[in-house]
Protein chains: 2
Amino acid sequence: MRYLKKFLIIVVSVLFTLNLSAQSTPEADEDAFFIRRIFDTALTQGSCYDWLDYLTSRIGGRLSGSPQAAAAVEYTRQMLDSLQLDTVWLQPCQVPHWVRGEPEVVRIAESPMGTVKLNALALGNSVGSGEVGISAPVIEVKSLEEVERLGRSQIEGKIVFYNRPFDPTQLNTFAAYGGAVDQRGLGASRASKLGALAVLVRSMTNRSDDIPHTGALRYEEGVKPIPAVAVSTNDADLLSRLLKQGPVKVYLRTTCHFLKEETSYNVIGEIYGSEKPEELILVGGHLDSWDVGTGAHDDGAGCVHAMEVLHLLRRLDYRPKRTIRCVLFMNEENGLRGARTYWQQSNDQAEYHLAAIESDRGGFTPRGFTVDGHEEVFIDKFKQVIAWLPLLEPYGLGLSKGGSGADIGGLKDQKGLLFGFEPDSQRYFDYHHTPIDGFDVVNKRELELGAASIASLVYLLDKYGLD
Amino acid sequence: MRYLKKFLIIVVSVLFTLNLSAQSTPEADEDAFFIRRIFDTALTQGSCYDWLDYLTSRIGGRLSGSPQAAAAVEYTRQMLDSLQLDTVWLQPCQVPHWVRGEPEVVRIAESPMGTVKLNALALGNSVGSGEVGISAPVIEVKSLEEVERLGRSQIEGKIVFYNRPFDPTQLNTFAAYGGAVDQRGLGASRASKLGALAVLVRSMTNRSDDIPHTGALRYEEGVKPIPAVAVSTNDADLLSRLLKQGPVKVYLRTTCHFLKEETSYNVIGEIYGSEKPEELILVGGHLDSWDVGTGAHDDGAGCVHAMEVLHLLRRLDYRPKRTIRCVLFMNEENGLRGARTYWQQSNDQAEYHLAAIESDRGGFTPRGFTVDGHEEVFIDKFKQVIAWLPLLEPYGLGLSKGGSGADIGGLKDQKGLLFGFEPDSQRYFDYHHTPIDGFDVVNKRELELGAASIASLVYLLDKYGLD
């Protein structure tokens with residue numbers, strides 16, 4: 001089916017193109033020329049790599065409510081200010097302030113091979129274990145459904161160990177992530193309902209290594225919150241092997257907790273449209289990151305992509321017809337408060353986002369965009385965008401139907417198109433939510449090509465609009 | 001023009017596909033299904049990553065004539081033996097044995113900012129400087145033509161510093177490499193003809209860093225060989241800045257030299273064809289590497305790609321109609337002796353390579369194949385291959401006209417098709433010919449996807465042949 005769909009997209013694109021190019025070759029040449037200039041400028045006069053260096057190496061991890069998140073707001077506001085935009089402003093929002101506390105202690109306390117220290121990180125939003133920690137027998141499961149099936153008799157008083165790995169045959173690693181992440185998000189709630197004391201979750205990655213991956217959980221309504229930690233894939237495999245040999249008890253101690261909420265901000269910069277300023281084209285990423293690592297691919301890359309789009313258009317003296325707005329969202333990782341605030345204010349003011357593009361899949365070599373939209377308008381508008389494929393394909397960019405980004409999903413009812421920037425996905429989950437997501441694992445050219453790709457799409461959206 | 005060409009390829013592919021799929025949908029479904037199995041198997045039961053670990057981390061750099069090159073011959077022969085092929089054999093060839101000698105000493109000896117040690121590596125095949133080294137004034141040039149233009153009066157008695165950088169606007173970094181590498185290959189010869197004492201060459205990379213990149217030079221007939229070293233891009237920039245401020249003298253001492261030639265081998269394994277065994281489909285890489293680093297991307301990746309193709313076909317119980325031959329060539333880096341031996345014996349025996357595919361652009365995410373061939377047959381055969389695009393595109397694979405690989409170029413007169421496996425190029429020249437081209441910079445999934453991509457093309461070539 002995927003194969004057929006891809007094929008049809010190619011056919012459609014060619015038919016559209018034959019039509020387009022027959023009618024307007026000088027136009028297409030002008031577009032090709034301008035897009036070439038965007039790429040040349042990004043690769044020779046870009047700022048995104050230096051911005052990312054500052055944001056990651058000098059400011060660091062930017063968890064919502066942290067001093068570093070505040071510094072990131074200030075830094076990116078200053079950088080946007082330096083671009084001579086028409087306006088730069090901060091949109092306040094209240095954010096949760098979760099802190100990890102003391103380093104997690106997680107170890108196998110009893111097993112056929114004795115005690116073993118595990119590489120672990122508390123999941124974001126998790127409660128702590130209390131000062132003395134928790135020690136209990138471990139039961140391994142592969143899914144939320146299995147917990148349900150096992151029932152209270154098997155689960156009560158245990159530490160539930162979720163160990164369903166990524167499906168390695170998924171070509172796009174985000175599909176593998178999507179197939180596993182319910183364990184991290186809801187595993188604690190479902191185990192708690194049946195009397196579990198805590199949960200361990202296999203890290204969300206394809207790799208076999210010793211690096212634990214944090215990430216958010218959500219406690220469902222009315223559930224008693226229990227502690228949850230991620231363990232590295234190597235340690236998950238070890239634990240699973242030991243459980244086949246005999247009973248295993250794990251001890252864990254975490255002191256993570258919430259402090260009081262803080263006021264933080266979405267950082268916003270705009271170039272006003274000269275003809276249709278009321279039609280908005282949004283480019284964005286999220287400014288917050290996890291506390292471990294420095295959030296280089298997730299999502300420092302997306303922020304500097306969005307900033308670079310405005311920078312490139314300015315560098316090229318491009319005067320947009322429509323308003324181009326860069327939004328650096330706060331609190332995507334553990335609350336989405338910045339995005340919700342943005343959606344509400346935008347809808348209250350009856351704004352129209354002709355298009356919104358989010359970059360939140362890392363700073364790798366661009367492969368294209370996923371496109372989403374309200375069902376009433378999607379097919380018609382998607383067809384218009386598909387017609388631009390011949391301009392994008394020389395840069396290795398495709399277009400496919402698919403989800404856009406967490407921060408822009410709430411704009412769908414405005415009936416524009418929502419785009420997710422799609423770079424190569426193979427390495428993303430090597431780094432995602434870990435201590436090694438740092439500046440050194442971002443390649444300068446790959447990052448720059450991403451900014452140029454997004455700017456090219458913005459140029460076409462601005463020039464032609466979407467009927 | 002590139003844009004137009006890409007567009008035409010898409011049109012052609014769709015027209016062919018409409019035709020193909022109208023006539024034989026079950027066939028196409030069978031092909032799609034088998035290719036999916038190839039990818040699934042590569043991603044779950046592949047051996048290439050472990051083989052590469054051994055070849056790089058345990059054997060190491062494999063310069064022709066070195067003990068490590070001999071170990072690599074032995075190791076890969078054993079691994080091919082373990083695959084239950086129809087035959088595995090070693091094809092002897094004589095190879096040069098160049099050694100680097102003592103660590104290079106290269107420093108700015110006089111300049112407006114005093115003395116500075118430079119990060120440098122002798123170029124492969126270079127002569128040494130003699131025990132006492134060479135000290136001389138430096139003159140910076142941007143091209144071989146500039147040296148010609150300056151003439152003997154400016155060049156004699158000097159150290160010539162070639163400093164034309166990569167063109168960063170080239171999307172494919174191999175195009176940038178192609179635009180700069182004449183300085184490394186022929187810079188010493190052209191400077192020597194006009195009386196230069198030695199040359200410095202800016203490292204062949206897009207990056208700004210402190211890592212020198214070695215690589216081969218060639219002394220032209222009748223030229224007095226002079227020493228040549230690569231300096232890191234940061235040091236090249238420094239040297240250039242200093243030269244703008246005043247005279248600069250550099251001291252260099254290298255002790256590199258040739259030992260006597262050694263007998264080495266191409267390592268070859270085959271699965272015999274069941275219907276047309278005389279039609280050969282070759283998959284190959286080169287087994288030798290530079291002495292610095294461990295040749296992981298260049299070209300350990302290509303070797304294990306080629307081996308994995310046979311492994312995957314065996315795993316899937318595929319009985320080829322045609323003979324599938326894996327060739328690990330010796331001495332690509334500084335002589336091409338293995339390839340030349342192979343071509344001669346193949347032509348002498350009137351073999352017919354229906355197709356040859358080389359992987360020598362690293363183990364990154366696959367983007368497709370470049371295709372080359374004898375002008376008498378190219379267009380006809382290329383059209384047949386283009387018809388397979390709908391089967392390859394779901395895996396992100398395209399096909400474009402372009403050079404194949406150094407080790408297979410000499411098979412062109414057999415009038416089959418020559419393919420170069422084309423992975424994403426952005427990071428290749430971060431590592432190429434440097435101490436950091438090691439196992440840790442290869443991603444497991446990216447490597448596996450490459451092997452699966454090549455195996456898929458081999459499957460189609462074997463099943464359908466080329467008329």
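This is a predicted model: local features need pLDDT of at least 70, side-chain atom pairs count only at pLDDT 80 or more; totals for chains, interfaces and linings use all residues.
Me: Which residues of H3(B) are buried?
Reply: Residues are numbered from 1 along each chain as its sequence is written, and chains are lettered from A and ligands numbered from 1 in the order in which they are written. A residue is buried if 20 or more other C-beta atoms, placed from the backbone, lie within 10 Å of its own, exposed if 12 or fewer, and partly exposed in between. In H3(B), those that are buried are Cys48(B), Tyr49(B), Trp51(B), Leu52(B), Leu55(B), Thr56(B) and Ile59(B).

Me: Which exposed residues does the opposite face carry?
Reply: Helices (H or I, at least four residues) and strands (E, at least two) are DSSP runs, numbered from the N terminus. The buried side of H3(B) is covered by elements including H4, H9 and H14 of chain B. Turned away from that side are Asp50(B) and Arg58(B).

Me: How far does H3(B) reach from its first C-alpha to its last?
Reply: H3(B) has twelve residues, 48-59. The expected span is 1.5 Å times one less than the number of residues. That gives an expected 16 Å, and the helix comes close to it, at 15 Å.

Me: Is Asp288(B) buried or exposed?
Reply: Asp288(B) sits in the loop between S11 and H9 of chain B. Beyond four places in sequence, its contacts (C-beta atoms, placed from the backbone, within 7 Å) include Arg62(B), Ala69(B) and Glu332(B). Because it has 31 C-beta neighbours inside 10 Å, Asp288(B) counts as buried.

Me: How far apart are the C-alpha atoms of Asp288(B) and Glu332(B)?
Reply: These two residues are in contact. They are 44 residues apart along the chain, yet the separation of their C-alpha atoms is 6.7 Å.

Me: Which helix gives the largest share of the side of domain 1 of chain A that touches domain 2 of chain A?
Reply: Domain bounds come from an automatic or database domain assignment, with domain 1 of chain A as 10-98 + 260-464 and domain 2 as 101-255. In chain A, 16 residues of domain 1 are in contact with 16 residues of domain 2. Three residues on the domain 1 side, the largest share, come from helix H13 of chain A.
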